[in-house]
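Hello,

Here is the structure I promised to pass on to you. Please open it first, and then read my notes below.

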Amino acid sequence: MNIKSEVSSICVRKSGPLEGNVRVSGAKNSALKLMAAALLAPGRSILHNVPRIADVVWMGELLAQMGCAVSHQSDTTIIDVPDEIVPEAPYEIVERMRASIVVLGPLLGRFGKARVSVPGGDDFGHRPIDMHLRGLKELGATFTTSHGYIEGRAHRLEGTRVLLEFPSVGATENLLMAAVLAKGETVIDNAAREPEIEDLASFLNGMGAVVDGAGTSTVSVEGVDSLIPVEHTVLPDRIEAATYLAAVGAVGGQVCIEGGRADHMKMFLNKLVDMGMEISSAADGIHVARLDRLHSVDVSTLPYPGVATDYQPLLLAMLSVADGIGIVTENIFGGRLRALDELVRLGADIRAEGHHVLIRGVESLSGARVRAPDIRAGAALVVAGLAAEGETIVGDAHHVARGYEDLVGRLSSLGANVTHM
Ligand code: UD1
């Protein structure tokens, strides 16, 4: 897989209006979990519509280190899982990609043992995994922690009723993947309802699992003795779609986001309509147009079906140049406001109080050197750069390559003035 992860900066010049069609890739946040889920069955699982991004390569490396054979051909990833593997996720990979924690559930479910590096804090600050561990313990796993690693053990897990303290996406996924091979029925209450959970359940059911209710807050799983490999197409990436929507929001234009699923991002689209954008859903994707300057709105991030925290930096970029004052409240990750200082460097008028952000829209931003603090904030800075006079250089662009397949090429195809450096 050819990834532009060696690229260190993205150069953006004032652009717009954007015109044309752009295709979204498969969802990063689904593909990574489905790759982990492949561990549940010996044999060859095949994933289509896999985004060609650095995180997919790293997840492939993790599976390869465990003993799987992983190959990527265009947007198809083939995973051959042997009968026995090395059930370990080392520090070097977990530290780079926190999502690798989702191997814990499938490893305990199928092999009864797992050794996974304790994930440290990351770009969003402190990110505990207590809910993952508590749920897995309720299914019968035991854990010890030493030398920076969690070691999990289980005889065959036993189904039970698990109530999540918060609808955590990762905890729901780990529990689902552990429960499919457990003895008897597991019910997850207060489960996350994100579309990626439904995609995972459909992948697991394709393997012969019996999962019901995914996409609602109560998911039930009837454990089976073994699973078979599966061929599956990853759902489209709603956060990538949101990025093109935000770009049109920031600089205007008329664009079709091919493959975008409006039904997966209704609340976000409602907010964009409130801001003055014209949005419609069609068989080929999401059609968006913005003619006049956006109006500011207030937005709070919430678990699905609320406005996703991943959209928040993109909203900040749009609100920075909208007419009026908006308040954005970040309810999911307290530490996820790292785009702020960089947007201020571009001339945005933003002030944060705890997890509330007050944005007074300005007529125009002014290009400067900034740094991508994480994947989505990096993309938001590219979006803001499109609306900034002169040149914006977004450094640390390897963060963007972790989550976007050719963001620069796709924005350029819409007429944006964006290049790699
Ligand atoms: C996933 C997504 C991320 C998205 C997030 C919320 C991936 C790779 N990442 O992250 O892009 O922003 O969902 O939609 O899919 N929490 C605990 N204890 C736990 C687990 C979570 O306190 O055991 C807290 C977190 O710190 C956070 C909140 O719960 O405050 C939500 O986190 P969670 O839904 O688990 O996010 P991730 O699965 O890590």
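What follows covers the ligand site and then one of the sheets.

Please keep in mind that this is a predicted model.

Let me begin with the ligand. There are 20 residues around the ligand, and those that come nearest are K33, D130, S168, D310 and I332. The side chain of K33 has an N or O atom 2.6 Å from an oxygen atom of the ligand. At M131 the backbone takes part instead, with an N or O atom 2.7 Å from a ligand oxygen. For the side chain of R336, the distance from an N or O atom to an oxygen of the ligand is 3.1 Å. On its own the ligand has 740 Å² of accessible area, and the protein covers 85% of that. Two or more residues of the shell come from each of α1 (28–37), α5 (130–138) and α6 (169–179), and α5 gives the largest share, with three residues. Sorted by class, the shell holds eight nonpolar, seven charged and five polar residues.

Now to the sheet. It is open and mixed, with four strands in the order β2-β15-β17-β16. The edge strands are β2 (18–23) and β16 (278–282); each has a single partner strand, so one side of each has no neighbour in the sheet. From one strand to the next, the twist averages 10°. β16 runs antiparallel to β17 (residues 285–290), and five bridges join the two; S280, for instance, has H287 in β17 as its bridge partner. Helix α8 (residues 238–251) packs on this sheet and touches β2, β15 (253–258), β16 and β17. The direction of α8 makes about 15° with that of β17.

Enjoy looking around,
Your colleague

Methods:
Residues numbered from 1 in each chain as written. Predicted model: local features only at pLDDT ≥ 70, side-chain atom pairs only at ≥ 80, totals over all residues. Heavy atoms only, no water. Near = heavy atom within 4 Å. Polar contact = N/O pair within 3.5 Å; in protein donor to acceptor, adjacent residues only side chain to side chain. Areas by Shrake-Rupley, 256 points an atom, 1.4 Å probe, with all protein chains shown as cover. Nonpolar A, V, L, I, M, F, W, Y, C, P; charged D, E, K, R; others polar. Pairing = 2+ DSSP bridges. Axes fitted to C-alpha atoms, helices over the stretch in contact; angles between N-to-C directions. Contact = heavy atoms within 4.5 Å.
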